[in-house]
Amino acid sequence: MKYRRKFFGIALMIGIILFIMITLDFNNFFHLDALLLVLIGTIGYVLASTSDKSLSESIGDGAVNFGWLGSLIGVITIASDEFMLGKLEDLGPAIAMTLHPMFYGYFIRLITKAL
């Protein structure tokens, strides 16, 4: 019974997030580079981690850390002189792209916390 409740809770969390993403336009929430940064960085973090944390806790911590690092990389890129070439209309999509890694990191952490 305990595992059913846990599975149901995880399914509800993922379901509501996916529902909102689909109703708003799923393509706005997908950025392959950001996803790969968070996933590969998280795997590296877990392999290099020497703490006494559980596997799911290490995965969540690594995902959030690399989510923030990816967002910082995006902000630094936006702040560089040549990024937007003076076109202000590119700022919105650029900021959205900087938020993708953080979104993926916290999404992974949410799931691992439930496990």
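Reader: What should I know before I start?

Author: This is a predicted model: local features need pLDDT of at least 70, side-chain atom pairs count only at pLDDT 80 or more, and totals for chains, interfaces and linings use all residues. Residues are numbered from 1 along each chain as its sequence is written, and side-chain values use heavy atoms, with hydrogens and water left out.

Reader: How many helices and strands does the chain have?

Author: Helices (H or I, at least four residues) and strands (E, at least two) are DSSP runs, numbered from the N terminus. Here there are four helices and zero strands. Along the sequence the pattern reads α-α-α-α. The C-alpha atoms fill a box of roughly 60 × 40 × 15 Å along the principal axes.

Reader: What share of the residues counts as buried?

Author: Buried means under 20% relative accessible area, exposed over 50%, and partly exposed in between (1.4 Å probe, protein chains only). Of the 115 residues, 25% count as buried.

Reader: Why does Ala114 count as partly exposed?

Author: Because its relative accessibility is 22%. Ala114 sits in helix α4, residues 91-114.

Reader: Which residues does Ala114 touch?

Author: A contact means heavy atoms within 4.5 Å. Leaving aside residues up to four places away in sequence, Ala114 touches Lys6, Ile10 and Met13. Now take Ala48, 66 residues from Ala114 along the chain: the two C-alpha atoms are separated by 23 Å.

Reader: How do contacts look over the whole chain?

Author: Take the contacts with a separation of 6 or more. Residues 24 or more positions apart account for 69% of them.

Reader: Which residues form the nonpolar patch on the surface?

Author: Patches are made of residues with over 30% relative accessible area and no salt bridge; like charges are joined within 9 Å, nonpolar side chains (Val, Leu, Ile, Met, Phe, Trp, Tyr) within 5 Å. A salt bridge is a side-chain nitrogen of Lys or Arg within 4 Å of a carboxyl oxygen of Asp or Glu. Accessible areas come from the Shrake-Rupley method with a 1.4 Å probe; for residues, only the protein chains shown count as cover. The patch here is Leu18, Ile22, Phe26, Phe30, Leu32, Leu36, Leu39 and Ile40, with about 740 Å² of accessible area together. The elements giving two or more residues are α1 (2-24) and α2 (32-48). Helix α2 gives the most, with four residues.

Reader: Is Ile22 buried or exposed?

Author: Ile22 counts as exposed, because its relative accessibility is 57%. Ile22 belongs to helix α1.
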